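Reader: I have a model open here and would like to go through it with you. Can we take it piece by piece?

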There are 2 protein chains.
Amino acid sequence: MNNAKFATALHILSLLDYSKDEQLSSEYIASSINLNAALVRKEISNLKKLGFISSREGNGGGYSLTRASSGILLSEIYFAVRQAPLLGRTNSPNPACTVGRQINTHLDNLYAAAELSLTDKLKQQTLADFTKNFDPA
Amino acid sequence: MNNAKFATALHILSLLDYSKDEQLSSEYIASSINLNAALVRKEISNLKKLGFISSREGNGGGYSLTRASSGILLSEIYFAVRQAPLLGRTNSPNPACTVGRQINTHLDNLYAAAELSLTDKLKQQTLADFTKNFDPA
DNA sequence: TGTACTGTAACAAATAGAATTACAGATGAA
DNA sequence: TTCATCTGTAATTCTATTTGTTACAGTACA
């Protein structure tokens, strides 16, 4: 995870939670994140598929949360943007070597356990918990 | 962490632990990982600085572990190769926006807590624990 | 003195990520 | 009905990161 997807997704969702009653445009969101509006729409398209966000096209349209932020776990957001193993990819080692032949199995187990401890932690906090950190000013 | 550094480092250290009494050459290690020998030497140069490995130049030279594998925590290996925040980088949001101005502080806190839960997990296992998973065949 | 190594730098290639542009389609309002 | 304002999405370029390659100086054993 060397990209900014998690930060971007959480920023988007925080904004939508923070402005619960309005539809926010991709342009507005993009200017808050300081990112291209098309990229925002792309990331939102992913978050829509997963049911976090709904959109309205056309004049006056925009985005809003579909679920209560108090029910959205940060771990769900993590899974929504996760695209690669947390600890990086593995190599394609030499099967003729005792260590090479077995290491990816052991790495996979280790990575799974490590990632689980991280997601367990993220499970303890909701989007609502996160957004209530923000000072209204 | 979208690279294979952790897997590579752990592979190198596993080999050295597995062949405790011999000096292994970068060529040998590279062929087990299926990686270029110069890259192996480069990663080893990092692990040397941190005291995990010592080397001997010249004919018959190579690499060996300097510390007992039972005293090397997997969390130490993680820190040795860590180069970016685990959950990815943050954006450079708009300071004129209430959310934008504050989000990186909150993200940093969250990232720190999440990473800690992962490293705590890795702390529970040593290199020796890891290598004893390997069947000798 | 030759051979087998490490150490390291310079460079090239491949891949991934981010940014840009463009435009079709939807929708509300004048 | 027509205009302006949006979303949705694809195509493309740009940039950074990661990996791979080559080369060669320096070290040490035989």
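Author: Fine. This is a predicted model. One place to start is the surface near DNA strand D, which by class has 7 nonpolar, 15 polar and 6 charged residues.

Reader: Which residues come nearest to DNA strand D?

Author: Out of 28 residues around DNA strand D, the nearest are A:Ser55, A:Asn59, B:Asn3, B:Ala38 and B:Gly58.

Reader: And which elements supply at least two residues each of that surface?

Author: From chain A they are H2, helix H3 (37–49) and strand S2 (62–65), and from chain B helix H3 (37–49). H3(A) gives the most to the surface near DNA strand D, with 5 residues.

Reader: Now DNA strand C. Which residues are closest there?

Author: A:Asn3, A:Ala38, A:Gly58, A:Asn59 and B:Ser55 are the closest, and 28 residues surround DNA strand C.

Reader: Which element gives the most to the surface near DNA strand C?

Author: H3(B), with 5 residues. The elements that each supply at least two residues near DNA strand C are H3 of chain A and, from chain B, helix H2 (26–33), H3 and S2. By class, the surface near DNA strand C has 7 nonpolar, 15 polar and 6 charged residues.

Reader: What superposes chain A on chain B?

Author: A rotation of 180 degrees with 0.0 Å of shift along its axis, giving an RMSD of 0.0 Å. That is the relation of a two-fold axis.

Reader: How many residues does each chain put into the contact?

Author: Chain A and chain B give 47 residues each. On the side of chain A that touches chain B, helix H1 (5–18), helix H2 (26–33) and helix H5 (98–122) of chain A each supply at least two residues. The largest share of that side, 13 residues, comes from H5(A).

Reader: What about the classes on that side?

Author: The side of chain A that touches chain B has 24 nonpolar, 19 polar and 4 charged residues.

Reader: Why do the copies meet through the same surface?

Author: Because 100% of the interface residues of chain A are also interface residues in chain B.

Reader: Change of topic: the strands of chain A. How many bridges join S1(A) to S2(A)?

Author: 4 bridges join strand S1 (residues 53–56) of chain A to S2(A), and the two run antiparallel. A:Ser54 stands opposite A:Ser64 in S2(A).

Reader: Which residue in that hairpin takes a positive phi?

Author: A:Gly58, with phi near 80 degrees, in a hairpin that has 5 residues between S1(A) and S2(A).

Reader: Which residue has a positive phi although it is not a glycine?

Author: A:Asn34 is one, with phi of about 70 degrees. A:Asn34 is found in the loop between H2 and H3 of chain A. In chain B, B:Asn34 also has a positive phi, near 70 degrees, and its place is in the loop between H2 and H3 of chain B.

Reader: Why does A:Asn34 count as partly exposed?

Author: Because A:Asn34 has 14 C-beta neighbours inside 10 Å, and a residue is buried at 20 or more and exposed at 12 or fewer. B:Asn34 is likewise partly exposed, with 14 C-beta neighbours inside 10 Å.

Reader: Last one, B:Leu65. Where does it lie?

Author: B:Leu65 lies in strand S2 (residues 62–65) of chain B. With 19 C-beta neighbours inside 10 Å, B:Leu65 counts as partly exposed.

Reader: What does B:Leu65 touch, leaving out residues up to four places away in sequence?

Author: B:Leu16, B:Asp17, B:Phe52 and B:Ile53. B:Ser54 is 11 residues from B:Leu65 in sequence, and their C-alpha atoms are 6.2 Å apart.

Notes
Residues are numbered from 1 along each chain as its sequence is written. Chains are lettered from A and ligands numbered from 1 in the order in which they are written. This is a predicted model: local features need pLDDT of at least 70, side-chain atom pairs count only at pLDDT 80 or more; totals for chains, interfaces and linings use all residues. Two residues are in contact if their C-beta atoms, placed from the backbone, lie within 7 Å. Ala, Val, Leu, Ile, Met, Phe, Trp, Tyr, Cys and Pro count as nonpolar, Asp, Glu, Lys and Arg as charged, and the others, Gly among them, as polar. A residue is near a molecule or strand if its C-beta atom, placed from the backbone, lies within 6 Å of it. Copies are superposed by least squares on the C-alpha atoms of residues with pLDDT of at least 70 in both. Two strands pair if DSSP finds at least two bridges between them.
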